[in-house]
Amino acid sequence: MPTIFASKRFWTFLIAQILSIGAFIFNHYVTDPFVAQLSVMVIGLIEGLAAILIAAYTVENVKQQKTDAATELELA
């Protein structure tokens, strides 16, 4: 069983959260309304891409586990 620090899903989530917090802090100190709206769109883009990647990694892991289980069953 892999540790959480070896998981691509964990690192994708963590990087997305750090980037989103950075964009939020940047948005807090910017006075231009256009840049503020743009940073909100960037946060949405980052979170959306992270969700898609995490779902893809989950599907990949499930397929790999099915393949491993089928191989073990054949060997047994």
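Begin by selecting Q64, which is placed in helix α2, the helix of residues 33–75. The model on the screen is predicted. With a relative accessible area of 44%, Q64 is partly exposed, because that category lies between the buried limit of under 20% and the exposed limit of over 50%. Q64 and T12 are 52 residues apart along the chain, and their C-alpha atoms are separated by 19 Å.

Remain in helix α2 and select E60, together with K8. What do the side chains of E60 and K8 form where they meet? The two side chains form a salt bridge, with an N to O distance of 3.1 Å. Because E60 belongs to helix α2 and K8 to helix α1, this pair ties together parts that are 52 residues apart in sequence. Side chains of opposite charge can pair when their charged atoms come close. Both partners may also be viewed with the surface displayed: E60 counts as partly exposed at 40% relative accessibility, and K8 likewise counts as partly exposed at 42%. A search of the whole structure finds 1 salt bridge.

From K8, proceed along helix α1, which spans residues 8–29, to I18. Is I18 buried or exposed? At 54% relative accessibility, I18 counts as exposed, since the limit for that category is over 50%.

Technical notes. Residues numbered from 1 in each chain as written. Predicted model: local features only at pLDDT ≥ 70, side-chain atom pairs only at ≥ 80, totals over all residues. Heavy atoms only, no water. Helix = DSSP H or I, 4+ residues; strand = E, 2+ residues; numbered from the N terminus. Buried < 20%, exposed > 50% of the residue type's maximum accessible area, 1.4 Å probe, protein only. Salt bridge = Lys/Arg side-chain N within 4 Å of Asp/Glu carboxyl O.
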